[in-house]
Amino acid sequence: MSDLIDLSSDTCTRPSAAMLAAMANAKVGDESKGRDPSVTALCERVANLLGQQAAMFLPSGTMCNTIAAMVHCTPGSEVIAAQSSHVEASESGAIAAFARARLVTVPTTDGTFAPQDIERLMHPSKGTRAPQVSGIFAEQTHNRCGGSAWDEDQLMKLGKFARINDIAFHIDGARIMNAAIALNVEPAAFGRHADSVWMSFTKGLGCPVGSVLAGSKAFVEAAWEWKFRFGGGMRQAGVLAAACLYALDHNVERLAEDHANAAVLAMRLAKIDGVELLWPEPGTNMVFFDITKPQTNTDALTQRLAKRGIRFGIEGPLRFRAVTHLDVSTSDMGTVAEALAQELAR
Ligand SMILES: Cc1ncc(COP(=O)(O)O)c(C=O)c1O
């Protein structure tokens, strides 16, 4: 473990010794031919967890979102997603570049939206020259809205609306396990309402590589074609799948600790003069805050904190994000808050 308290993201975790041992002992085969037993076991397990028929192993969440768009969306159509969602802000325009569909975003303060919000954005019915909506993308949890979680009812309503309107419903489940733990439900409670849904193993679950995209058998069959086209077919990927299987056994329940640490950090930061929390009560593992002390320079503050072994994510001028994960402790929360208070008091 490094001395750095790195709160920039939950993607910065290192595989533990026990996870590395599981990887070293993995049973492997040729993944691209469906012959890797560890990948097969992982996909079966995740499909079941997410309430779907089948699943495929992919290197990244971005590839999951992009492949889902390739399967679901027709060129010239529209995809509805929340404002500031990962597909809008952080995937280099992949949906536009590859699926040639236009992203239309719903204004939101908590990352969620309802069928009425979509209706307001939809054009008149089919048969006109207006583009039609082919996909609805929800993000569980919504990263840039403070890691807020959708509840099952909200996702069920979107799923129903999508089915009635012949639109595909996709869930970017980068942190679906955080949501499941926070709301004390099985991840299938969210996943079963979608036509496709994925979960990441490289965020709170602490693995070095891997996401699993799930859906109906027909969806996954179609997705395999895009996986090959994007060069996502792998060979002895069981070494990676073994880390994911290890994480499912050991790193899911403990996400509650990350949520508790985020709550502790938020409480400590709220007491500091010159700090304003965007969402004072974090629902999962993220704390977003603005520095309101006049004449503070973000770069200089970041450098001073780095010298003290602390790193936040930078979300904008004077806006930071702190994400808790398995490589930071409750006592680190106190250290971080104290250091920030001291730097702002200088
Ligand atoms: C909400 C969300 N979706 C998608 C992704 C993309 O995942 P990956 O980095 O594995 O491509 C991320 C990554 O942080 C994310 O936070």
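1. Helices, as named in this note, are DSSP runs of H or I with at least four residues, strands are DSSP runs of E with at least two, and both are numbered from the N terminus. The model under discussion is predicted.

2. The peptide bond between Gln140 and Thr141 is cis, with omega at about -5 degrees. Thr141 belongs to the loop that runs between β5 (133-139) and α7 (152-164).

3. Gln295 is not a glycine, yet its phi is positive, at about 60 degrees. This residue lies in the loop between β10 (286-291) and α13 (298-307). Gln295 counts as exposed because it has 4 C-beta neighbours inside 10 Å, and the exposed class applies at 12 or fewer.

4. Leu318, likewise not a glycine, has a positive phi of about 65 degrees. Its position is in the loop between β11 (310-316) and β12 (319-323). Leu318 has 17 C-beta neighbours inside 10 Å and therefore counts as partly exposed; a residue is buried at 20 or more and exposed at 12 or fewer, with partly exposed in between.

5. Turning to the ligand, the residues that surround it are Thr11, Ser60, Gly61, Thr62, His86, Glu139, Asn143, Asp172, Ala174, Ser200, Thr202 and Ser211. Sorted by class, this shell comprises nine polar residues, two charged residues and one nonpolar residue.

Conventions. Residues are numbered from 1 along each chain as its sequence is written. This is a predicted model: local features need pLDDT of at least 70, side-chain atom pairs count only at pLDDT 80 or more; totals for chains, interfaces and linings use all residues. A residue is near a molecule or strand if its C-beta atom, placed from the backbone, lies within 6 Å of it. Ala, Val, Leu, Ile, Met, Phe, Trp, Tyr, Cys and Pro count as nonpolar, Asp, Glu, Lys and Arg as charged, and the others, Gly among them, as polar.
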